Amino acid sequence: MGWGKRPGAAGRGRLTWSNDEWNAAAALCATQLPLVWLAWWLFVGAGQDDYGRGGGAFGVLCVPLILPLLGVVHSSAQIMPAASLSRLLPRRSGSEWARHLVASVLVGAGWAVLGHMVWGWSLRDTVPWFAGAGILPVLFLAPLCRRAWGGWSVWLRSAGACFVLSVVGGLAVAALADEYEPPALSDGQLAGEWRGDQGAVLRLAPGGRAELTRVPAQPDFEADQDYTRCDGTGTWARDRYGDREAVLVRLDGGCGEDTHWTISGSGQDPELFALFGDPDAGDLLILAQD
């Protein structure tokens with residue numbers, strides 16, 4: 001692959017990154033992102049609720065505007081550090097590109113573990129994606145460097161490929177997308193405890209009584225905040241919000257206004273959600289049944 005080397009204090013080579021290699025890695029990372037997005041949608045996102053925020057399948061067509069930046073971040077965080085790590089692996093473990101591939105998978109898994117420790121991300125969900133995202137750039141990096149594609153030429157080719165892949169991906173999603181159908185829940189299924197973030201608990205009792213603990217609610221009309229958190233008691237009833245089935249919660253006290261909680265999720269894992277503030281950029285609050 002031709003990674004640059006400098007003599008180290010212990011007599012071993014120390015890896016440096018040339019501009020052409022870093023450019024090629026960043027361009028490859030940017031090029032693969034539409035494919036990663038399409039794979040994620042096919043395996044994870046297909047048929048999911050958009051929670052009333054819209055965006056649609058053609059939202060992917062806006063992605064090329066940020067792909068170069070994401071490619072730079074990805075290559076700097078995974079592909080190039082993996083090139084350094086690969087020099088520490090035993091040479092008998094395989095060729096240079098094979099060691100780089102193994103190192104890239106390890107670095108990606110390391111970022112997933114860090115996300116799990118800091119933000120509580122699911123390792124089962126993140127490790128395959130973080131590790132897998134480092135495979136294609138490594139496989140294509142060595143042939144690209146041998147062809148001496150660097151500078152603006154590699155980015156021009158990447159831009160053309162990104163545009164084509166993004167359009168194809170958007171059209172594929174539009175053609176394959178299934179309309180999400182929220183679960184049809186009976187009154188008995190709605191009754192129970194629904195929990196959200198920051199200790200929010202909404203208890204819906206049979207007969208229409210409700211008890212709230214730190215549950216978000218629509219603020220008073222003169223408030224300068226998107227929502228307020230309320231404790232107390234109230235009532236609940238089935239209602240419709242837009243074209244969706246929802247639960248209308250009314251509080252007995254003076255905290256907050258009537259709030260619609262729209263039914264979402266699936267029959268096995270039902271959810272209630274509410275959008276506060278701007279529908280496109282506001283706060284999305286989700287309650288899951290305990």
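This briefing describes strands, nonpolar cores, helices, aromatic pairs and a disulfide in one protein model. The model is predicted, so local features are given only at pLDDT of at least 70 and side-chain atom pairs only at pLDDT 80 or more, while totals for chains, interfaces and linings use all residues. Residues are numbered from 1 along each chain as its sequence is written, and side-chain values use heavy atoms, with hydrogens and water left out.

- Helices (H or I, at least four residues) and strands (E, at least two) are taken as DSSP runs and numbered from the N terminus.
- Strand β8 covers residues 259-265, and because five of its seven residues are buried, β8 is largely enclosed by the rest of the structure; buried here means under 20% relative accessible area, exposed means over 50%, and partly exposed lies in between, with a 1.4 Å probe and protein chains only.
- Two strands are said to pair if DSSP finds at least two bridges between them.
- On one side of the pairing, strand β7 (residues 244-251) is joined to β8 by four bridges and the two run antiparallel, with V249 having T259 in β8 as its bridge partner.
- Strand β9 (residues 270-276) is likewise joined to β8 by four bridges in an antiparallel arrangement, and the bridge partner of G265 in β9 is P270.
- Between β8 and β9 there are four residues, and the two strands form a hairpin.

**Nonpolar cores**

- A nonpolar core is a set of buried Ala, Val, Leu, Ile, Met, Phe, Trp, Tyr and Cys residues joined through side-chain atoms within 4.5 Å.
- The largest such core has 22 residues, of which L190, W194, L202, L204, W261 and L272 touch the most other members.
- At least two residues of this core are supplied by each of β4 (201-204), β5 (209-217), β6 (228-241), β7, β8, β9 and β10 (283-289), and the largest share, four residues, comes from β5.
- Contact means heavy atoms within 4.5 Å, and, leaving aside neighbours within four places in sequence, W261 is in contact with V215, P216, A246, V247, V249, L272, F273, A274, F276, L285 and L287.
- A second, separate core holds 16 residues, including C29, A30, L67 and V154; C29 counts as buried because its relative accessibility is 0%.

- Helix α2 runs over residues 67-86 and contains I79, which counts as buried because its relative accessibility is 0%.
- Leaving aside neighbours within four places in sequence, I79 is in contact with A25, C29, H74, H100, S104, G134, P137, V138 and L141; I79 and G134 are 55 residues apart in sequence and 6.4 Å apart in space, C-alpha to C-alpha.
- S86 also has its place in α2, counts as buried at 3% relative accessibility, and touches R99, H100 and A103 when residues up to four places away in sequence are not counted.
- Helix α3 spans residues 96-119, and its 24 residues should span 34 Å at 1.5 Å a residue, which agrees with the 34 Å between its end C-alpha atoms; the expected span is 1.5 Å times one less than the number of residues.
- The buried residues of α3 are A98, R99, H100, A103, S104, V107, G108, A109, A112 and G115, and just after this helix G120 takes a positive phi of about 75 degrees.

**Aromatic pairs**

- Rings of Phe, Tyr and Trp (its six-membered ring) pair if their centres lie within 6.5 Å, with planes under 30 degrees apart counted as stacked, over 60 as edge-to-face and the rest as tilted; by this rule there are four aromatic pairs.
- Y227 and F276 form a tilted pair, 5.2 Å centre to centre with 45 degrees between the planes, and this pair links distant parts of the chain, as Y227 lies in the loop between β5 and β6 and F276 lies in strand β9, 49 residues apart.
- At 21% relative accessibility Y227 counts as partly exposed, whereas F276, at 0%, counts as buried.
- One aromatic cluster is formed by W119, W121 and F130.

**The disulfide**

- The structure holds one disulfide, defined as a pair of cysteine sulfur atoms within 2.5 Å.
- C230 and C255 form this disulfide with their sulfur atoms 2.0 Å apart, and the link is left-handed, with -85 degrees about the S-S bond.
- This pair links distant parts of the chain, with C230 in strand β6 and C255 in the loop between β7 and β8, 25 residues apart.
- C230 counts as buried at 0% relative accessibility, whereas C255 counts as partly exposed at 24%.
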